[in-house]
Amino acid sequence: MNVSAIVFWSLFTLTGIWLQGLIPGVDFLAPGLILCLQEEKWTVSAWLGLAWLFIQEGTGSLAFGTGLLWYGALVGLYYFGHWLFEAKNFLFMFILGLCLGVLHLILSHMMAVLQDWTLPADRILVEGLLQALIFPVEWGLVYLIYNHLPDNPHAV
Amino acid sequence: MDALASYTGLEFAKWVLAPGKWAALRVSSFWDRYVYFVGLREENDSLRATLAEASQELALLRERAAEAERLARILTIRPPVGWSRQGARIVSHRLGPNAALETVLLDKGILDGLKVNTPVTGPDGVIGRILRLSPTAATVLLVTDPNSRIPVTSQKNRTQGILKGEGANREMVVQYVSLGAPLEEGELLVTSGLEEIFPKGLPVARVTEVGRKGPSLFQTVYAEPLFDARRLEEVALLAKLTEEGHGPDPAVPSGAGGNQDQAAEMDPVSHSPSTKVVPPDPSGRAPGLEPPRPGVTPGAERKKPPRSGQ
């Protein structure tokens, strides 16, 4: 990984955490994981995914394992979907975003039941919708930025 | 000849010199004005820069004055006997996709002697308790979360109940209030201390409605919290003093023994209140907050939050 990629992923992580503070309940790091799987070596994706997993688990209030299921399902959906779709297709990202939105509802509800908690269903629904909308837009944005990095061999 | 010389030579010299002098004066005057305007412009620029700096400084000082006022309000929180107080800043509210509960993130953690279930209060009343800890940060579960339950007593009629959150910007519910128990609208609800987490007598909420629904054996009581989570910036953390009375012992890990530590080991969300009664404050006064300032009622400035399901 070159210097500009290191700077890019560091800035992406910092910005993602700030945005998560501004819009609670939405994962702003997930589009980065998909972009990383598309553009970087699998080891880079694994390390970044691990770091982001700990950030989400640490800042969240659900029991440990939710983030693992969340990112595990995202990676699984990506590998399953890229057999059917072009991996860098916006439509595929839109479908992936929808799946994440539904996954947010299912995971939150499942973990709440397991932990004997009560969660406001309307809030979780809004968060799921936001996740579904934000995911493809953010992916498109970071995809463009990443492909304009000076050291990128595929620079536009 | 002398006169002729005067009328000719002198006059000629005058006509030769005068235009030059006039021109020199004009040029000199123009130069002076130019230099003056350049100086004026520079002075103007300098004054503009000074004004910008002064405006920035004024904004900064205003911000600091507002912060000092907020911190002064935090300092009015009088810790109950046997408890110490320390301030903390709110770094963030709910963060990330796994932030399912109503929480805030503080800038203090284990290194500051905090433990799970450490009470967190604001200038007007209880805000919540520590849910999760890291070396320099802590997550606070707000009393408004639907999973938060605190045993409370009404300040005037001493009616007991369990205060349950209903979510952000919604009124809370007081559960298990017997049908015959006296309770008035506007009455302050204070912690009863039965759960051994909060000191007895801290204000938590204000009763907004008392009624009865259906064949229930209990009254339906709604209450509003005494803080607005979106406007919170600083909070106070209360910690039990050690026997020496020199503040909490950070070396003692939670769960290392003692009733408080046992309470700290309990799940801060789903714990149930114990039946052990905490002895009342020997000073005879309700611990916690200073009496409200004249004309200022805790939580009175807030807009009334809606009820769950509305």
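Reply: First, a term: helices (H or I, at least four residues) and strands (E, at least two) are DSSP runs, numbered from the N terminus. Bear in mind that this is a predicted model, where local features need pLDDT of at least 70, side-chain atom pairs count only at pLDDT 80 or more, and totals for chains, interfaces and linings use all residues. Residues are numbered from 1 along each chain as its sequence is written, while chains are lettered from A and ligands numbered from 1 in the order in which they are written.

Now for chain B: it has 14 strands and two helices. Of its 310 residues, 38% are buried (20 or more other C-beta atoms within 10 Å of the residue's own, with C-beta atoms placed from the backbone). Among contacts in chain B with a separation of 6 or more, 63% join residues 24 or more positions apart; a contact means C-beta atoms, placed from the backbone, within 7 Å.

Four residues of domain 1 of chain B touch six residues of domain 2 of chain B.

As for the partner, 20 residues of chain B are in contact with 24 residues of chain A. Over in chain A, the ends of residues 62–85 sit 33 Å apart, C-alpha to C-alpha, and that span is 79% helix and 0% strand. For residues 124–146 of chain A, the end C-alpha atoms lie 31 Å apart, with 100% helix and 0% strand.

How values were computed. Contact = placed C-beta atoms within 7 Å. Buried ≥ 20, exposed ≤ 12 C-beta atoms within 10 Å, placed from the backbone.
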